[in-house]
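Please look over the model shown below before reading on. The briefing that follows takes up a few residues, then the chains and the ways in which their parts touch.

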Amino acid sequence: MVKRKALGIMAAGIMAAVLLVGCGGSSQSTSGGTEAGTVSEDGSYKETLRIAVTQQSPSLDLHKNSTLIARQMCDGTVWEKLVTLNGNAEAVPELCESYELSEDGKTLTFVLRKGVKFHDGSEMTAEDVVASMNRWIESFSSAKDMVGDARFAKVDDSTVQITTDKSLLLLPAMIAGAAQPASITTAACCENEDDNGFMKEYIGTGPYKFVEWKQDQYIKLERFDDYVPYGTEGAEDDGWASYKTAPTRYLQFDIVPDQATETAGMEAGQYDCAFNISSDDYPRLEANPELNVYRSQMGSVALVFNHKQGIASNQYFRTAVNAAIDCDEIMTACFGDGYELGSCYMDAGQAFWNTDAGSELYNQKDPEKAKEILKEGGYNGETFTILAATLNGMDNMAVALQSELQAVGINVELTIVDWATLIDYRNDPSLFDMYITSFAEVPVPSLKLYFGKDYPGWSDDEKLAQLFGEMTAATEMDDAKAKWEELQAYSWDYLPIICPGHYLGIFAWDKDLEGVNMYSGGPKFWNAAVRE
Amino acid sequence: MKKFILKRVLSVIPVLIVVSVVIFLLVHLVPGDPAAAMLGDMASAEDIAALRAKMGLDRPLIEQYFVWIINMFRGDFGTSVANGEPVLSVVVSHLMPTVSLALYALLIAALIAIPLGMAAAQKKGTAIDHAVTVFSLAGVSLPSFLLGLFLMLLFSVRLRLFPVSGYTEMSEGLGQHLRSITLPAIALGFMNAALMMRMTRASMLEVLSSDYIKMARAKGVKEKWILGKHAFKNALVTVITVFGQSIVHALAGAAVVESLFAIPGLGQLMVNSIGRRDYYVIQAIVMLIAVFNVLINMLIDILYGVVDPRVRIR
């Protein structure tokens, strides 16, 4: 009897202790000890905006790092560029007053804005811009391919210029929106690198300055009080071109690796916004009256053929695979309903480049036609190896693809690995016939790496290279667009890749969060604030 | 006793040498390239090759191994590819959350398991015994992430008593610190509690059926003295073993719980480091866990000798 009572007391004690610990302290602040819940000077907004993200980047040095999450956190917020993208995906001035392309398209000149301050208090100079732009070119292979050996040079204290022997028509858009943004930093920062070659300090010109990075916990940005906005006060955002006011004192990006935890954190009110919500949780969050849920195209999927060796190096085989595929089915296997079909390699955000050229060969889902092509081509049961990673459900797509291709008589084998292994294996042409990957949005088609013969997949076709060269050599945008349409139509015939569709990113935020910029690539917070 | 301890300490050295070789080979033979993982999908082959050379990954494997070992003896565990910081400081900064979480989990586990295990043994065949058996079966069967999710939905989303995720350091206040790790500690401790409970019960049953306990009862010694002083002390050898294993298990197995609750501990660091092939960090963590495992086992061996003198003679 005494023992039973003791057990009861012990159990009650443990429960009480747990509840006591739970009741102690506020229900807001956890990691980092920031004072979420306190108000800004005008008493109406939270001082800290907390954003849950599932990934973290190796570095915030965007010259050398192409991870999406680093761009989402810092591009336009900490870092700014000479030009940025407007709502039509055109390059418009950001840190420059104006820019000009010479008539022959081979000289690009930027006139810099005066009085722009870096986060260390120094003023932006032509030397800083030249050092930053040249470091970006050295670090970003697509830029290097475009400009060759040419580099930026100072013309005078407020002018920088680059001259090449090729057209630079697409360079401004590349500077404005490439996956490795051409961020402007100080010349000293460009030199000050760590053992891995990344910048040691993050000193930009944006409305927020970098404050702290606690590995696996959070990244914290603070409003830069000396920031001078550009543009027209009160004007609505035009793409990323925006009059930035930084109404929130701190932006804190909390690293939350598990999507289920992110969702629970939004429901509990711990976070004001969450990135990369699972499509399984989408209906639940959408039904929550306290939250806004937003879906937007984030990029496209690519089924990349091995053109160097193996069965997929045969044109007839690639054509048969393309004829057999039901894009709806394989996209559903991977993304649930979080995708949109579309034959254009460019995403919806790049309206100027959108085209339906070649769409008659997209999503044919015609097994009989595929069987016929295989028969005519002399297919003899050779193994077709699909390489896929266990990342974001790509392995599920591989399984769906296997099922569709087996139905037309193709002998399919799957190699499922983690992402780090895939990016290693894809360099060895003996290990795969097709691999599955995805590409984030890019501002110009010349940044689609799979057109290059050195990119794993090794598309090596004379006509493809010629059309690509003509597009990048154009000196007028309309000419470039016409060449892109030709290239896109030819691509659905030659098949460097199959693009089965475009995936959507899902973002959720508190109904009281205002001023989020959703132009492209996920939310941007330079004008965002949460009402108390 | 000194000779006994010295023998145990010396036996650890060859184990650690073998462990270091196995860890190094495993990490380096797994496909994947830290330079490629670090630079991202858009990096060119030349940039990746340049970074590999900078990291010393283009050198022969055997040279890399000896460089690693020699540098380790100098206190240099290498540089993390994730952020360019020294591995030692990265590991140390992630060690405290895991140690804190593991100790809290074990405290919860011990507080639940030992009294319940003893009660079940004393009341063998009764409802209490059956309840304890069901509880321990549930504990062993229930995955920690599932229990964690349940706790999160109940105590964080519904009742809003605890944060959903995140970690508060002890320097910001003990209350806030405990609050941030209570749910993960329960999720992690539950399985250990189940194991500990089963072992305590089994061990106590064995001791309670021995002749000297019967003799004590026949002499009229009070039941609480029999249980607390005579039986529990002898059952303690098994409980110590399980407790030691539980510490290692909690340290090494915290990855899932840490990931779920966004606790920046060694487990999460390990998972992230594998994803980005951060060789030096992976090697340091596995080495740390291996050393800890070996030391705990050594300590348990020595404790056996203290608790039971027959072990020393053998």
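Leaving aside neighbours within four places in sequence, which residues is A:Met174 in contact with? They are A:Ser142, A:Ala143, A:Met146, A:Pro443, A:Val444 and A:Leu447, where two residues count as in contact if their C-beta atoms, placed from the backbone, lie within 7 Å. The model is a predicted one, in which local features need pLDDT of at least 70 and side-chain atom pairs count only at pLDDT 80 or more, while totals for chains, interfaces and linings use all residues. Residues are numbered from 1 along each chain as its sequence is written, and chains are lettered from A and ligands numbered from 1 in the order in which they are written.

**Nonpolar core**

- The largest nonpolar core has 246 residues, a core being a set of buried Ala, Val, Leu, Ile, Met, Phe, Trp, Tyr and Cys residues joined through C-beta atoms within 7 Å.
- A:Met174 and B:Ala105 are the residues with the most contacts inside this core.
- The element that gives the most to the core is helix H5 (residues 87-122) of chain B, with 18 residues; helices (H or I, at least four residues) and strands (E, at least two) are DSSP runs, numbered from the N terminus.

- A:Ile162 is placed in strand E7 (residues 159-163) of chain A, and it counts as buried because it has 20 C-beta neighbours inside 10 Å.
- The burial classes are set by C-beta atoms placed from the backbone: a residue is buried if 20 or more other C-beta atoms lie within 10 Å of its own, exposed if 12 or fewer, and partly exposed in between.
- Beyond its neighbours within four places in sequence, A:Ile162 is in contact with A:Leu108, A:Val147, A:Ala150, A:Arg151, A:Phe152 and A:Leu168.
- A:Ile162 and A:Asn134 are 28 residues apart along the chain, and their C-alpha atoms are separated by 10.0 Å.
- A:Gly505 lies in strand E18 (residues 502-510) of chain A, and A:Gly505 likewise counts as buried because 20 C-beta neighbours lie inside 10 Å.
- With neighbours within four places in sequence left aside, the contacts of A:Gly505 are A:Asn276, A:Arg295, A:Ser296, A:Met298 and A:Gly522.
- Between A:Gly505 and A:Val92, which are 413 residues apart along the chain, the C-alpha separation is 26 Å.

**Domains of chain A**

- Chain A is divided into domain 1 (47-60 + 202-296 + 505-530), domain 2 (79-188) and domain 3 (297-503), with bounds that come from an automatic or database domain assignment.
- The C-alpha centres of domain 1 of chain A and domain 2 of chain A lie 27 Å apart, and the contact takes 14 residues from domain 1 of chain A and 20 residues from domain 2 of chain A.
- On the side of domain 1 of chain A that touches domain 2 of chain A there are seven nonpolar, four polar and three charged residues; Ala, Val, Leu, Ile, Met, Phe, Trp, Tyr, Cys and Pro count as nonpolar, Asp, Glu, Lys and Arg as charged, and the others, Gly among them, as polar.

**Chain B**

- The secondary structure of chain B comes to 14 helices and zero strands, and 41% of its 314 residues count as buried.
- Taken along the principal axes, the C-alpha atoms of chain B fill a box of roughly 85 × 55 × 35 Å.
- Among the contacts in chain B with a separation of 6 or more, 73% are accounted for by residues 24 or more positions apart.
- The domain assignment gives domain 1 (2-73) and domain 2 (95-313) of chain B, and their C-alpha centres lie 32 Å apart.
- The contact between these two domains takes 19 residues from domain 1 of chain B and 16 residues from domain 2 of chain B.
- H1(B) gives the most to the side of domain 1 of chain B that touches domain 2 of chain B, with 13 residues, and by class that side has 14 nonpolar, three polar and two charged residues.

**Contact between the chains**

- The contact takes 51 residues from chain A and 59 residues from chain B.
- On the side of chain A that touches chain B, the largest share, nine residues, comes from H1(A), and the classes on that side are 20 nonpolar, 20 polar and eleven charged residues.
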